[in-house]
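Here is a friendly briefing to read alongside the model. Please have the sequence and the 3D view open as you go.

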Amino acid sequence: MNPPDGGAAGELPGVAPRLRDLRRGRGLTLETAAQRAGLSPAHLSRLETGRRQPSLPMLLGLARVYGTTVSELLGEAPAQRDAIVRGGPFTGAEADGWMYRRAGGSGRAMQALRVQVPYGTQGDLVRVHPGEEWLYVLEGRLRVVLGESEHDLEAGDSAHFDSLTPHRIAAADRGGAELLFLHTLLQSPVAELCLGSGPHHR
């Protein structure tokens with residue numbers, strides 16, 4: 001099944017044309033790009049025309065397909081290729097309830113994010129895709145479902161897993177959770193051919 005529609009349009013200005021231009025720039029049809037991202041062509045079309053707001057998992061999937069980063073999909077100015085990213089107040093962007101702030105440089109083979117996960121958002125969205133993911137809980141409790149196993153992680157706990165394992169991430173308590181999140185980007189044409197298994201619901 002496809003993920004639910006991602007909220008009202010207009011909350012992420014400029015994303016729709018970038019999604020369309022990136023797809024066309026990669027020489028992908030709407031159908032092919034949607035299949036690789038685990039979306040229906042109709043849903044991707046709504047994202048590209050601004051009639052739907054993409055969730056953070058959708059943006060992650062599309063970033064992998066197009067060989068770019070979530071930050072660049074959202075039109076954030078790319079940081080210089082520097083080893084240091086300074087901390088500061090959490091003033092990140094929002095995608096379907098999740099807040100995130102870039103925690104690593106651009107132009108790398110992986111992307112690092114600092115993420116705030118409110119309670120009750122995207123808890124039923126299961127992802128399956130090539131690559132690896134690593135997360136570290138900074139605050140609160142996080143529920144991580146990997147295949148048939150369910151784990152409650154507290155501050156200081158981490159998880160590192162193959163993204164082909166069906167996985168689901170949600171805040172375990174009403175106070176939400178904050179985490180560091182690291183995932184690989186698939187930038188080679190060969191890797192893109194592996195994409196095809198999309199999100200499913202319980």
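The points below cover a loop glycine, a helix and an aromatic pair.

This is a predicted model, in which local features need pLDDT of at least 70 and side-chain atom pairs count only at pLDDT 80 or more, while totals for chains, interfaces and linings use all residues. Residues are numbered from 1 along each chain as its sequence is written, and side-chain values use heavy atoms, with hydrogens and water left out.

- Gly50 sits in the loop that links helix H3 (41-48) to helix H4 (56-66); helices here are DSSP runs of H or I with at least four residues, numbered from the N terminus.
- With a relative accessible area of 25%, Gly50 is partly exposed, a class that lies between buried (under 20% relative accessible area) and exposed (over 50%), using a 1.4 Å probe and protein chains only.
- Ala16 is 34 residues from Gly50 in sequence, yet their C-alpha atoms are 5.1 Å apart in space.

**Helix H4**
- The rest of the structure largely encloses H4, because 11 of its 11 residues are buried.
- Among these buried residues of H4 are Pro57, Gly61, Arg64 and Tyr66.
- Gly67 follows H4 and has a positive phi, near 65°.

**Aromatic pair**
- The count is 1 aromatic pair, where rings of Phe, Tyr and Trp (its six-membered ring) pair if their centres lie within 6.5 Å.
- Trp134 and Tyr136 are stacked, because their ring centres are 6.2 Å apart and their planes are at 20°; stacked means planes under 30 degrees apart.
- Trp134 is partly exposed at 30% relative accessibility, and Tyr136 is also partly exposed, at 30%.

Notes: Helix = DSSP H or I, 4+ residues; strand = E, 2+ residues; numbered from the N terminus. Phe/Tyr/Trp six-rings, centres within 6.5 Å; stacked < 30°, edge-to-face > 60°.
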